[in-house]
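Dear colleague,

Please find below the structure that I am handing over to you, with its sequence. My findings follow directly after it.

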Amino acid sequence: AGSRTGPPSPGVEHPVNTAIHLFGTTFQNPVLLAAGTCGFGQELADVIDLEALGGLVTKSVTVEPRTGNPAPRVAEFSGGMMNSIGLANPGLEGTRRDKLPWLRDHLRRARVWVSVAGHSPEEFFQLVEGLDGEDGFLGFELNLSCPNDTRRDAPPFALDPPSVRSILSGARARTDRPLLAKLAPNDPDPAATARTAEEAGADGLTLANTLPGLLLDEEGRPRLGAGAGGVSGPALLPGGVRMVEQVRHAVGLPLVGLGGISGVADALAYARAGATLVGVGTASFADPRAGEKLAVGLHRWGRRKGVTAWSDLVGPSAGPVQKEA
Ligand code: RRO
């Protein structure tokens, strides 16, 4: 190591630019930690290097604090896991007081999205208005697709185009920060929903949330305390990639792709389909450093393949690297 006469290190001679310029800022790499899987960052700061990430999305914040659904809140199965956390979070005031100051003081390079979830369009507006003036984050991810909201006895807003329109346009009128809309994976017409969100003022789309499901034990009892829940993990990968691919052709917005990503190949599938940023969620439960490792892995992969910029890989047209070298 360090020989001046040896071959040049490709990493030094041919750096890969994983940086992405988007939403008026720079993401140092495309890897985000998905909402609900990293708390507000602080909870994981002793375990992972948050500053090695492109960014993170906070747990969804509601107007009032919530303790969440009865235990057990998570259950594993062969294709991944299920959760019904039930929006446990410190609420608008608690987030302002206890969470955003930490993010403001500790993160310089990683970009933060605050996820917000309301039971009505008005609650979304209250959250955006109440958080907009604070420091410590880049923009909002509007969670229109939580499958576990027992207070709303209705399909998620993401499956109701008029709700998508009113939440997006109302939020748009209340903030200049970038707005992501998080859609549902069981949307029968994701292209149409995406167009609605785009027209109403979304800056990007997150595709997608967990898929509604139910696990029963041998006696027929639900394995989650709340009954049904949301499926996540490897089982979501093909559906997620397909949704990105469908939406990519319908809108011009940048997409955050997630669902079943753990390794480099998974992230590349989303990128090739059209996702500019990617999210890691369930994989972090098995290995809290999964996101960090993915960022490093993408960098190494690009270097090995001679890719100069991550943005060259983002579909729909195949980028410069189509075949194995
Ligand atoms: O808190 C939850 O149970 C939860 C939410 Br808000 C969500 O958006 N997606 C999910 O799988 N769980």
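In this predicted model, helix α7 (residues 264-273) and helix α9 (residues 290-305) have axes that come within 9 Å and cross at roughly 75 degrees. Angles of 65 to 115 degrees count as roughly perpendicular, and α7 and α9 are therefore roughly perpendicular to each other. On the α7 side, the contact involves V264, A267, L268 and R272, which meet L294, G297, L298 and W301 of α9. By class, the residues of this contact of α7 with α9 comprise six nonpolar, one polar and one charged.

A second pair of helices is α4 (residues 161-174) and α5 (residues 190-199), whose axes come within 8 Å and cross at roughly 25 degrees. Because angles under 35 degrees count as roughly parallel, α4 and α5 are described as roughly parallel to each other. The crossing of α4 past α5 is right-handed.

N83 places a polar side-chain atom 2.8 Å from an oxygen atom of the ligand. A polar backbone atom of L87 is 2.8 Å from an oxygen atom of the ligand. In the side chain of N209, an N or O atom lies 2.8 Å from a nitrogen atom of the ligand.

With kind regards

Terms used:
Residues are numbered from 1 along each chain as its sequence is written. This is a predicted model: local features need pLDDT of at least 70, side-chain atom pairs count only at pLDDT 80 or more; totals for chains, interfaces and linings use all residues. Side-chain values use heavy atoms; hydrogens and water are left out. Axes are lines fitted to C-alpha atoms, for helices over the stretch in contact, and angles run from 0 to 180 degrees between N-to-C directions. Helices (H or I, at least four residues) and strands (E, at least two) are DSSP runs, numbered from the N terminus. Angles under 35 degrees count as roughly parallel, over 145 as roughly antiparallel, 65 to 115 as roughly perpendicular and the rest as oblique. A crossing is left-handed if the near helix is turned anticlockwise from the far one by less than a right angle, and right-handed if clockwise. A polar contact is a pair of N or O atoms within 3.5 Å; within protein, one must be able to donate a hydrogen and the other to accept it, and residues adjacent in sequence count only if both atoms are side-chain atoms. Contact means heavy atoms within 4.5 Å. Ala, Val, Leu, Ile, Met, Phe, Trp, Tyr, Cys and Pro count as nonpolar, Asp, Glu, Lys and Arg as charged, and the others, Gly among them, as polar.
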